[in-house]
Amino acid sequence: MGDVNLNTSGVTPSSLGNALINPQKTSLKAQFSFKSLWISSLFGSPLKALSTFLVIAIFIWLLPPLFNWAFVHAVFSADPQACQEARGIGACWGVIREKYSMILWGRYPYADHWRAQLSTVLLSLLLLKSTLRQEGLRRIFIEWSTVLGLIYILMSGHLGPFEFLRATVIVPIIGKPFPVVPSDLWGGLPLTLILSVVCIVIASPLAVLLALGRTSSMPLFNVVCKIYIELFRGVPLISVLFMASYMFPLLLPNGYSPDVLIRVVLGISLFAAAYLAEIVRAGLQALPKGQLDAANSLGLGYWQAQYLVVLPQALRVVIPGLVNSFIGIFKDTSLITIVSLYELTGSLTLALNGDPLWRAFKLEGYFFITFIYFIFCFSMSRYSLWLERRLNHSL
Amino acid sequence: MRQRGIQGGFGFILDPAGFDISESWIEFNSDESYAKAFFVGLINTLRVSAASIVTCTFLGLLLGLGRVQSNPLIRFCCHSYTEIFRNIPLLIQLLIWYVLLVEWLPDSQAPLELSLANSNFFLSKDGLAFPWFEIGQSGSFFSTPLFDGTSIQGGAVLTPEFLALYVGLSLYTSAFVGELIRAGYQSIDKGQIEAGLSIGLKPSQITRLIVMPQALKVIIPPLTNQYLNLIKNSSLAVAIGYPDLVNISNTSLNQTGHAIECVLIIMVVYLALSLLISLIMNSYNARVLKRG
């Protein structure tokens, strides 16, 4: 890692410096001793020592008050009186104990919370499984469509053609009614997860098509895809969400307007596809042209060549970039609270704003959902790093 | 649409707006037209974006260089900062800054005070008061805010909405800029640094004279993207009530019902801004490439 500060001036005698100047006098062992390397990298020169002390000073100045606020003086019981008294000195984690169910599951009917919880667990397990094991595209497709379908049934309670099962099978098994829950009551963590996953699932194939169009030699496709990508990359997501929630209903025929959730999913997917397409394009352009020539000489048609030869190689290279974009999509779902859908951020506002007793402790609530978002995003970014390293090894 | 009695067209933008804007650089009152309100919003967007771009570049430079230091403590701090700020949605960061500013700072009757030479800074729930030029009848003069025990007089004030957006955008984007600068730095062959050491340059000179001029070629194109992202992200102002273009369009949309027109205005303005920034940065990039 760029050892610019390599200490050769000998201002402070350190074992590393000595070793460089008098190689005979220091034994090889001392030269590479772990401890001396650490000391020299922390205090090797006056500037280094100064910066080290400065950082330590900032830690000493900042950490104890923060620690006191978050733990020592904090109120952990759901007691608004005690929280009010500790205000400004200690955190009130009681607000989370009191409101966590509203924050995590939103306005979903209380008796049916198990359905939201089960959906969240299912989705997380599926994500984990797909990231840890390498599977064929077909298998992934089958698994994902099955689980997403299952989650839709669980969350909404719509059974479609299997409506007859409700009274005969489902209700006796679970021992309570299995009512329909309209999508405007969905909220919290399951909504955030479902929204991100569904948007990624819709946007990815669209992005591949756009990238193929963008690199194709047919002028019509080329221009259309280029305009689409530049348009969506040039405007903020909020404007797309406004479009989805205010504009679509006006443009559609009277009385026919799809659910706001569907409109928002479409909006985010169209938006995300433009960004993903640029990443896929980079992969397409990195592929040596000989590959396509070879595929053509084998007599493969356009789609066969793309599907069998070009895409598997091009996508493999850009997987880390794609995962980084997925993190972006996951973070972006928090914006739908602006168009009044209650995912994690929105359900927090919903839970606290309506309650005068707890309204004052929003900060603690924000830290709670920050923690949830951080865990998901951080593990995804580690995963993308790990993939990158593995790809570099195998190339 | 006509069936539903909705009138299309941009005719409405000359009507009086009927709402006030909490902060603006140019005079605005509710009798003036929607067009002028949009313009005020645009100025506010540009104001917060420009300030944040400068700050995030500077912070990002520090972070990126911190990541390539040999001091592990500094490396660790910069790395933690990057991971924390990158992995939390910007919207939540903005909301946290806003809550901190409007609920945790002292009241304006007892502001935090900082005095340098003969200029004063006051930070309170009402925002940050700082010395600024004031244009009066007798020309412009330097005015520093003064606290008389009950309120603050003179100087200029940045509202908590502006501050929250500015701090949030700068810190969030600086984490990304820092990564770009680190990547650019590491793209330079190590032999270059060793060559610099061997002709007796100091580490700071090596960074300034050898590494950065070459790394800029790698850094500028993605940096442009980050600037564009920052400008687009400034639209989150609507969540904390800073009167930027999107916020004002949203208000106008709710008042007039001209949804299509208002959303189109946002989109066209942002597209134009994006193109403009791309042009500026591309020409700068061309100059860097020519120089190298």
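Which residue stands opposite Phe122(B) in β3(B)? The model examined here is predicted. In it, Ala129(B) of β3(B) is the residue that faces Phe122(B). This pair belongs to a sheet in chain B, which is described next, strand by strand.

The sheet is open and has four strands. Their order is β1-β2-β3-β8 (chain B), and the pairing is antiparallel. β1 of chain B stands at one edge, and β8 (156-158) of chain B stands at another. Each of these edge strands has a single partner strand, so one side of each is left without a neighbour in the sheet. Neighbouring strands are turned by 15 degrees against each other on average, direction ignored. In a regular strand, side chains alternate between the two faces of the sheet.

Strand β1 (residues 112-116) of chain B pairs with strand β2 (residues 119-124) of chain B. Five bridges join them, in the antiparallel sense. Leu116(B) has Ser119(B) as its bridge partner in β2(B). The two strands form a hairpin, with two residues between them. In the turn, Ala117(B) has a positive phi of about 50 degrees.

β2(B) also runs antiparallel to strand β3 (residues 127-130) of chain B. Here the strands are joined by three bridges. Ser124(B) stands opposite Gly127(B) in β3(B).

Chain B is assigned two domains. Domain 1 covers 10-102 + 161-291, and domain 2 covers 104-159. Taken over C-alpha atoms, the centres of domain 1 of chain B and domain 2 of chain B are 27 Å apart. Eight residues of domain 1 of chain B contact seven residues of domain 2 of chain B. On the domain 1 side of this contact, α3 (90-104) and α4 (160-186) of chain B each supply at least two residues. By class, that side of domain 1 of chain B holds five nonpolar, one polar and two charged residues.

The two chains also touch each other. Chain A brings 38 residues to the contact, and chain B brings 42 residues. On the chain A side, four helices each supply at least two residues: α3 (34-43), α4 (46-72), α12 (237-251) and α17 (362-394) of chain A. The largest share, 10 residues, comes from α17(A). The chain A side divides into 22 nonpolar, 12 polar and four charged residues.

Within chain A, one helix pair was examined. Two packed helices are described by the angle between their axes and the distance between the axes. Helix α11 (residues 219-234) of chain A packs against helix α13 (residues 260-286) of chain A at an angle of about 115 degrees. Their axes lie 9 Å apart. α11(A) and α13(A) are therefore roughly perpendicular to each other. Their crossing is left-handed. From α11(A), the contact is made by Tyr228(A), Ile229(A), Phe232(A) and Arg233(A). From α13(A), the contributors are Leu270(A), Phe271(A), Ala274(A), Tyr275(A), Ala277(A) and Glu278(A). The residues of the contact of α11(A) with α13(A) divide into eight nonpolar, no polar and two charged.

Definitions and conventions:
Residues are numbered from 1 along each chain as its sequence is written. Chains are lettered from A and ligands numbered from 1 in the order in which they are written. This is a predicted model: local features need pLDDT of at least 70, side-chain atom pairs count only at pLDDT 80 or more; totals for chains, interfaces and linings use all residues. Domain bounds come from an automatic or database domain assignment. Two residues are in contact if their C-beta atoms, placed from the backbone, lie within 7 Å. Ala, Val, Leu, Ile, Met, Phe, Trp, Tyr, Cys and Pro count as nonpolar, Asp, Glu, Lys and Arg as charged, and the others, Gly among them, as polar. Two strands pair if DSSP finds at least two bridges between them. Axes are lines fitted to C-alpha atoms, for helices over the stretch in contact, and angles run from 0 to 180 degrees between N-to-C directions. Angles under 35 degrees count as roughly parallel, over 145 as roughly antiparallel, 65 to 115 as roughly perpendicular and the rest as oblique. A crossing is left-handed if the near helix is turned anticlockwise from the far one by less than a right angle, and right-handed if clockwise.
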